[in-house]
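Subject: Structure handover

Hello,

The structure is pasted below. My notes on it follow, with the cut-offs stated where the terms come up.

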Amino acid sequence: MTWVLGNLELIWDLTLEHLVFALVPVVLGVVLSLPLGWLANRTGIGRTFTINVAGLLYTVPSLALFVILPPLLGTQILDPINVIVALTVYTVALLVRTVADALSAVPAVVVNAATAMGYRPVRRFLAVELPLAVPVVVAGIRVAAVSSISLVTVGSVIGFGGLGKMFTDGFQRSIPQEIIAGIVLVLVMALVVDGALVGIGRLLTPWSRPVSTARSAA
Amino acid sequence: MIEFRGVTKRFPDGTIAVDNLDLTLDAGKITVFVGPSGCGKTTSLRMVNRMIEITEGTITIDGHDIMAADAADLRRGIGYVIQQAGLFPHRTILDNIATVPLLLGWSKAKARQRAAELMEVVGLAPEMSRRYPGQLSGGQQQRVGVARALAADPPILLMDEPFSAVDPVVRENLQDELLRLQADLGKTILFVTHDIDEAVKLGDKVAVFRTGGLLAQYDEPGRLLARPADDFVDGFVGRDRGYRGLGFLSSAALPLGELPTVTLGDSLPDGAGWVLVVDGARQPLGWIHGSGRDGGLAVEHEHLIPGGSLYEVESGSLRSALDAALSSPSGQGVAVDGNGSVAGSVRADDVLRALEDARPDPAAA
C-alpha cells in the first residue's frame, strides 16, 4: 500500500489516460460500425465480405498492429494516435458483425409495417430498425469496451499503455505492489464501464422491461 | 374507388400469384378478398400500396394510377392493418398511433391529441397510452393497429388478415366493432381473410379467389351463398350455406302470431299452456307452462323456464327468426321491437313459408 499511497497522482493520471485510450476507440468504432453493419445487412454478398474482413482484422495481433500502423498512417512510432486507431480497428471488427446480426434480427413484420406506413429507408433505419437493434448492439459494445480496456495495456510496450505502464514499470523495477494495483484498477475499470453500458442500454430500451403495471382485460 | 385493370403478378421464380385481375372496389364499402392459401388475395392487397410491385396491368385509386405517385407518399394516404398488428415494440401505444400523422409533418402535440381521440374511438382505455405493445393482449394490440391505420384519416383502409391471430370470441368482438366504426366512417376498405364466415359477415361485396390468382366470383355475400358460380365456390363457401344464407333475408315481412304473456308477480290464468313471462316493460324473462300448476299461482323467478334466442322484428333476419323459433322451449320464437319489448311470436313453419314465397321464380332467374 505504501507505493500506492505515495503515487496517487501518477495512478490517477494513468487511469484517465487509460480510460481515454480505451473509450475513444469504442465510440469511434460504434459510429463506424453502424453504417457498415447496415450495408453488410443489405445484401448477402456484402454481409459475407464485411464479416470475413472484420474477422481477419481481429486476428492481427495487437502488438503487430501498433508496429505496422505508423508507416501506414505516416505517424511517429510513439504517437498515441497509433493506439487509438488500432483499438478502433478492433472495435469495428467486433461490432460490424453484431450490428449486422442485430439489424437482421429486427422482426420483418415490424420493418414491413414501417414501410407500409410510409417510412422512407433512411428514416425507417433511424426511427425503427436502429432502436430495435439496441439491445443486441449494446451487448456487442460491452464486449468491445472490456476488450478495449484490456488491450490498452499492450500499448505500454510503445509507451502509451495507461495503467499498463504500471505492469512494465513494476516489473522492471521489481515493485509487485505496482503490478497488483495496476491489475486491480484495470479490472475495476472494466466492471464500472460494463455496468455503465448496461445502465445506458436499459435507459434506451424502456419497452423491453418486464411489465410493472397490471394488465387490464381486453 | 379502387380499380384493378388486367393486373398480373409474376414472381421472379415464374409463379403467377395474380392472373389478369379485373375488379372494381366500391368507394365507402367493405370489399373482402377470400380464398385458400396461395390464391393471390394478399398479393393483390399488397399491390395497392405497392408493398409488392405489379408485373402487368394497372391499379387506379379514384382514377389516378398508383405508379404515378411516390411510393412513400402513396402509403401515407392508405391505412394499413396487418396480422398480429405489426406494432412498433419500442414506442408507446400513443406514439404508435401517431406514426403516420408525424410522418405527414403534424406537430407532436397535434398528432398525440389525434392519437388519444382514436384510442377512444377503437375502445382503448386512456391509461394504456403510456404502455408498450408488449404489455397488451392480442386483441388490444389489434385495436391499436386499427387506430394507427385510421390516424391520418385516410379514405382507404387495407386490412390483411387483421383478426386471424386472436381467439374466436375476441375476433367476433373486433368484427362487430369494425362494422360499427365503418357505419360512422364510410371508408373504402379492402379486407383479406381465409375465413369465409368472416368474409360473409363483413363484406358488402366478396371476391372469392381460387389457387393460381384467378377470381372465381365477385358478388354480394347473400348472392354468394344463394348462387355459387361453380363447384369451387360452392365447396369453398362450405356447409350450411343454405341456412347461413337466411342471414341475408329480412324478417320484417314475417307475420307475427299472438303470444300469451303474464307479468312477473301476477297470477297464472287457469288452464294455461305455454305462457311467456315478461317484466313491467314487457321484456321477456322466460317461459312457464300451466300444466300441473294451480290457476292463480303468483309467477315468481323460480318458476321460469329459460327462453331461447330473441329476434328484432325490423332489423332481424330470417336466420335469427328461425333460430328464435327452434331454440324456444315452446316452439314459439319471441319477436321483440327496438326497445326489447315483446312484439309477437313466430313459428318455424312461418319462416319456411316466407322463404318459399321469397324464392325467385325459376323462369325469371
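Two strands pair if DSSP finds at least two bridges between them. Helices (H or I, at least four residues) and strands (E, at least two) are DSSP runs, numbered from the N terminus.

This is a predicted model, in which local features need pLDDT of at least 70 and side-chain atom pairs count only at pLDDT 80 or more, while totals for chains, interfaces and linings use all residues. Residues are numbered from 1 along each chain as its sequence is written, and chains are lettered from A and ligands numbered from 1 in the order in which they are written.

Sheet in chain B. B:Y311 has B:A335 in β15(B) as its bridge partner. β14(B) and β15 (residues 333-336) of chain B run parallel and are joined by three bridges. The open sheet has three strands, ordered β14-β15-β16 (chain B), with mixed pairing. β14 (310-312) and β16 (342-346) of chain B are the edge strands; each has a single partner strand, so one side of each has no neighbour in the sheet. From one strand to the next the twist averages 35° (axes are lines fitted to C-alpha atoms, and angles run from 0 to 180 degrees between N-to-C directions).

Interface. The contact (C-beta atoms, placed from the backbone, within 7 Å) involves 24 residues from chain B and 19 residues from chain A. On the side of chain B that touches chain A, α2 (71-76), β6 (78-82), α4 (99-103) and α6 (138-150) of chain B each supply at least two residues.

Regards

Technical notes: Two residues are in contact if their C-beta atoms, placed from the backbone, lie within 7 Å.
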